[in-house]
Amino acid sequence: MSEKMLVNGNEAVALAAMDCHVDLGCGYPGTPSSEILDEFARLGGSAEWAPNEKCALEVGIGTALANGRSLVTMKHVGLNVAADPFFTIAYSGTPGGVVVISADDPGMASSQNEQDNRRYAVSAGVPMFEPADSQECYDFLIEAFRLADEFRSPVLFRMTTRVCHSKCVLNRHGRGLAPRKAEFVKDSRANVMVPAFAKLAHRRLRKDLHTMADLNEKGSWNKVIKGSSDLGIITSGISYQHVREAAPEVSVLKLGFTYPLPRNLISDFVSSVKRCIVIDEGDNFLADNINAMGIKVEGKDEEFRFGELNVTRVRKLLAGDNTPEPPAAPGKPPQLCVGCPHRKTFEALRDLDCIVSGDIGCYTLGVMPPFNAIHSCVCMGASVTVGLGMRKMLPEQEARKVVSVIGDSTFLHTGINGIVEMVYNRPATGHVVVILDNSITAMTGLQENPATGRKLDHTPAPAVSLEKIVEGIGVDNVDIIDTTAENEKFKELLQERLSSNDTSVIIARRPCILGAVKAKSYEVKK
Amino acid sequence: MSKIHNVVVAGLGGQGVLKVTDILSEAVFRCGYDVKKSEVHGMSQRGGSVSSEVRYGECVASPMVPAGEADVLAVLDITQVEVAKGVLKADGVLITPEDLPLDKLQNPKALNTMMLGAISKYVEIPVETLLEALKANLPEKLHEMNLEMFELGRNSR
């Protein structure tokens, strides 16, 4: 029973997950990956938001140790958070399948860096698929779970913004996988990674990767398009689409399973053409790895390492034109919404001349005029700890100006550890953390989080209390205030806390204006 | 390679840019074309520049319209013409709100469907199919008003 539909890559992944009988979808929201789990839940799948990517992957691993299938979704930087379990589960593997979606963001449409997570596949020894459109998102996800079943291995499924968010025609053929049966077999040698067992597991992993490379030689996921023998292009993912349009006459080796690489397939292709160029978006991942095998190919110039590729840039690349691109016309930057509760908080921080250690979320837009009130931003949860480091280094007068700001979802993601650090290794001047609690994960599209009182599908859930967490850790002062309704009082409170040597958390609580409308609609639904 | 039709819609977050390309891409899909629709999510709800692209034909490869190759560029906010115009062909069609009967716009939120009406004159898609796709993408209570706005856009210029 096949069905033709127009869907984006994220929707195609969710459809494939349904057709593979995935038992649990878990992840943390992050553009461009966020819609996968929402869609999986809408289709009837079991899906949940974890507090962070490490938790999500570990829950997914547990599901697969109990012989189930799990789909774990995150944006590229999320895999940094989940890297710890990712590297070790590569050794032990799981009887059920874990597929980890890494949604990379070349060009940084909505991210703090453009890291190329294909490097993680090599570094951890985890096989990797790279789909180029919605059809491949669907087909390759099924192949990924099939491979996981065969090798007990986790699989990295590397998507990019344009694959996630471009709609294309999908033939949902429905040839998926049979459901798996829940069971746990006690096998400590396989599943307990103490050194004695891990040494064996590492040898098994390297052996399996060789077997997978052999399997990859004949896989339907790679294809050769015969064209001119003067020029051949090796490519993967979205770059393939740009290549086909920019140079329809050349020969192309399009790789879908990009780690471990099929050596003979590549070598035969390279020998079949006079000149071979590798077109990678992001890092020279394929070019470096192919050259390292001793097969000579040309990579791209450094100029093309920045940002997304497109048809125009591929044409330039092929013409050997490495001149910098003219800057794109500056568009209107996004800004904090009119009526956003963060506005009044940032006005106060600006007026009090604070040094603000910021974090990841809508509120990073506090960096923009007229606020100019974010002075550092590194990664999820870093606001608290980076602020503590500043307090420790700066002379007292300056140290007293340092404030950390962090959103409710980000606080639950990786901010809690920072509060523990603050209480344990308190700076001489104490510290002040403002939790910008707008009661939703707003930046990524208004997802629920453990403090909203609703599950991923917006049905009721126990609400984690931010104030109880910080009180429990042992912070000296905990205050809750609506900085919009009581702006003067907030300023006074903030000044008082900054002038003391206490550790203080101020929870600035007022719902997101967009989130509040959504929250109402969920109540009506009940 | 056969001709690929390229339509780009630009505007500001909250103007319904993506709704226009959702409807248009669904209509061309219903006509049996190969189609790709591209956009960048993330910041769009916060008033920043937004643009979305629909490409259709016998076989479409890249989801992104190359610079200087758009047949139609429809811009919902006049300030965004400068930002988006690089995508338009030398002889391409530019449609801005100034080309629309704005005095008859009942609700600023329906500017996007009025624009879709204007776009409909330049795409080789039966108007009935566009209207079916429009209805499929909007709640029923909004159909009457939006169909009216579509007609006004279609009859403009």
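Q: How many residues of chain B are in contact with chain A, and what makes a pair of residues count as a contact?
A: The model is predicted, so to speak of local features a pLDDT of at least 70 is needed and side-chain atom pairs count only at pLDDT 80 or more, while totals for chains, interfaces and linings use all residues. Residues are numbered from 1 along each chain as its sequence is written, and chains are lettered from A and ligands numbered from 1 in the order in which they are written. Two residues are in contact if their C-beta atoms, placed from the backbone, lie within 7 Å, and by that test 31 residues of chain B touch 29 residues of chain A.

Q: Which elements of chain B supply residues to the side that touches chain A?
A: Helices (DSSP runs of H or I, at least four residues) and strands (runs of E, at least two) are numbered from the N terminus. At least two residues each come from α1 (17-30), β2 (34-39) and α2 (81-84) of chain B, and β2(B) gives the most, with six residues.

Q: How do the residues on that side of chain B divide by class?
A: Ala, Val, Leu, Ile, Met, Phe, Trp, Tyr, Cys and Pro count as nonpolar, Asp, Glu, Lys and Arg as charged, and the others, Gly among them, as polar. On this side of chain B, 12 residues are nonpolar, 12 are polar and seven are charged.

Q: What makes β8 of chain A and β2(B) a pair of strands?
A: Two strands pair if DSSP finds at least two bridges between them, and strand β8 (residues 167-172) of chain A has two bridges to β2(B), in the antiparallel sense. Within this pairing A:Lys167 stands opposite B:Lys37.

Q: Why is chain A called as compact as a globular protein of its length?
A: Chain A holds 21 helices and 18 strands. Its radius of gyration, taken over C-alpha atoms, is 25 Å, close to the 24 Å that the globule rule gives for 526 residues, so chain A is as compact as a globular protein of that length; the rule is 2.2 Å times the number of residues to the power 0.38. The C-alpha trace spans about 75 × 60 × 50 Å along its principal axes.

Q: What share of chain A counts as buried?
A: A residue is buried if 20 or more other C-beta atoms lie within 10 Å of its own, exposed if 12 or fewer, and partly exposed in between, with C-beta atoms placed from the backbone. Of the 526 residues of chain A, 53% count as buried.

Q: Why are α3(A) and α5(A) called roughly parallel?
A: Axes are lines fitted to C-alpha atoms, for helices over the stretch in contact, and angles run from 0 to 180 degrees between N-to-C directions. The axes of α3 (residues 53-65) and α5 (residues 83-92) of chain A come within 8 Å and cross at roughly 30°. Angles under 35 degrees count as roughly parallel, over 145 as roughly antiparallel, 65 to 115 as roughly perpendicular and the rest as oblique, so α3(A) is roughly parallel to α5(A). Among the residues making the contact are A:Leu57 and A:Ile61 of α3(A) and A:Phe86 and A:Ile89 of α5(A), and by class the contact has five nonpolar, no polar and three charged residues.

Q: Which residues of α5(A) are buried, and what covers them?
A: The buried residues are A:Pro85, A:Phe86, A:Ile89, A:Ala90, A:Tyr91 and A:Ser92. Their cover includes α3, α4 (76-81), β5 (98-104) and α10 (195-217) of chain A.

Q: What makes β9 and β13 of chain A edge strands?
A: The open sheet has the order β9-β11-β10-β13 (chain A), with mixed pairing. Since β9 (223-225) and β13 (275-279) each have a single partner strand, one side of each is left without a neighbour in the sheet. Three bridges join β9(A) to β11 (residues 250-255) of chain A in antiparallel fashion, and A:Ile225 has A:Val252 as its bridge partner.

Q: Which are the edge strands of the five-stranded open sheet?
A: That sheet has the order β14-β15-β16-β18-β17 (chain A), with parallel pairing, and its edge strands are β14 (355-357) and β17 (477-481), each of which pairs on one side only. Five bridges join β15 (residues 402-407) and β16 (residues 431-437) of chain A.
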